[in-house]
Amino acid sequence: MVLANHARDLNGGLLLAIGEKITDKHILAFKAWGITEVEIDSYEDENGIVEGQSSEINVESIPTQVREELDELFRYTDRRHPAIEELIELCILKKMKSH
Amino acid sequence: MHFEKNEISLKDASNRAPSIEDLIEGSIQLGSLPTIFYQINSAVENPESSFAEIGHIISQDTALTARLLKIVNSSFFGFSSKVETITHAVTIVGMVQLRDLALATAIINNFKGIPKDVVNMRSFWQHSIAVGLAGRVIGVYLKEVNPERFYVLGLLHDLGRLLLYLAVPEDMSRVLIKYSHGGLLHEAEDEVLGWDHAEVGGRLLRKWNLPDRLVEGVLYHHNPSGAPRFQVEAAVTHVADIMAQVLELGNSGERYVPPLDGEAWKILGLPTSFLSTVLAQVDRQAGEAVKVFL
């Protein structure tokens with residue numbers, strides 16, 4: 001998990017800066033300072049794949065079957081919209097993990 | 001509440017699609033919600049009601065009580081201690097939220113007993129639950145009051161299609177033939193019938209006297225920027241529908257990801273990086289949500 005905003009204590013002091021990766025140690029520190037929630041920018045799964053960051057997927061590495069499934073699924077969607085671009089990328093990651 | 005398929009079948013001797021009014025009025029069993037829902041609703045809307053009174057109304061229906069306690073004790077809420085009474089549930093979940101969960105439960109129950117050859121109900125609800133979960137996560141992120149309403153909207157958004165499959169199966173067969181030639185399912189509905197499932201669903205909710213927020217959220221889920229008053233409800237449901245379709249969790253008939261309404265995306269102001277969080281949470285919660293709600 002990566003911070004989407006500065007994490008500050010109740011007095012406004014900086015605990016962890018935006019863009020920093022959050023570790024278990026940080027979470028303990030947040031709890032000690034009474035911080036119950038922070039905004040995160042990405043989600044890292046158990047395999048260490050960071051979702052939510054633009055991982056540059058090599059198009060050549062995408063199996064043909066996955067590409068065909070994606071073409072079908074997103075057939076009527078404008079793929080140029082940033083949200084759809086992101087969803088396509090997440091969809092590729094999900095499908096490649098299950099293939 | 002169970003119903004027989006033939007109670008809602010609308011056969012039109014002229015072989016023409018019935019009017020949308022006929023469809024809504026003809027759906028006898030689907031046209032009503034259990035009385036207890038309206039009792040809960042009027043108690044929630046009465047500022048003098050206490051938690052205990054609402055707890056008492058719900059407790060009169062043991063099946064509803066059991067189901068609500070199961071939901072409240074699931075990871076859907078993630079409370080650390082066990083919630084054993086409805087009054088306790090009302091206290092910690094909140095009256096409005098519990099009313100909305102009671103509505104979700106009543107609606108799913110209303111559609112039990114539908115033959116499998118008509119619609120794959122499990123798959124239908126899986127999709128609706130996934131839309132509800134995604135909507136709820138987005139609602140929490142947007143710091144919306146009562147994010148449970150987005151969960152209910154997810155459950156309701158395609159209800160109109162269920163009614164179409166059940167009440168006018170022959171017309172739906174014509175729709176499916178049209179759909180097989182290309183395009184989106186709701187467009188095929190519109191071309192063949194003159195209206196689509198969103199309109200049917202919205203009108204059904206209006207007939208049930210449900211709040212306009214829910215009616216518009218369903219009515220405009222394919223065209224959220226066109227919603228006159230409750231664009232956030234429609235936009236959240238629209239984006240949540242797209243995400244559920246991307247996850248391919250269940251299916252309500254549509255095979256494709258619906259086009260994104262760019263205006264609706266702007267209204268919500270979500271960062272694209274947030275999408276991965278939503279997908280991960282929905283993926284994680286969907287299995288258990290299906291178990292507790294179905």
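Predicted model: local features only at pLDDT ≥ 70, side-chain atom pairs only at ≥ 80, totals over all residues.
View 1. Within α4, which spans residues 62-72 of chain B, the buried residues are B:L64, B:R67, B:L68, B:I71 and B:V72. These residues lie on the same side of α4(B), because the arc that they cover around the axis is only 135°.

**View 2. The opposite face of helix α4(B).** Which exposed residues does α4(B) carry on the face turned away from its buried side? That face of α4(B) carries B:T62, B:A63 and B:A66, which are exposed.

**View 3. The contact between chain A and chain B.** The contact draws 19 residues from chain A and 15 residues from chain B. On the side of chain B that touches chain A, α15 (262-268) and α16 (274-293) each contribute at least two residues, and α16(B) provides the largest share, with five residues. By residue class, this side of chain B consists of ten nonpolar and five polar residues, with no charged residues.

**View 4. The fold of chain A.** Chain A contains five strands and three helices, and their order along the sequence follows the pattern β-β-β-α-β-β-α-α. Of the 99 residues in chain A, 14% are buried. Among the contacts in chain A with a separation of 6 or more, 43% are accounted for by residues 24 or more positions apart.

Terms used:
Residues numbered from 1 in each chain as written. Chains lettered and ligands numbered in written order. Helix = DSSP H or I, 4+ residues; strand = E, 2+ residues; numbered from the N terminus. Buried ≥ 20, exposed ≤ 12 C-beta atoms within 10 Å, placed from the backbone. Contact = placed C-beta atoms within 7 Å. Nonpolar A, V, L, I, M, F, W, Y, C, P; charged D, E, K, R; others polar. Arc of directions from axis to C-beta.
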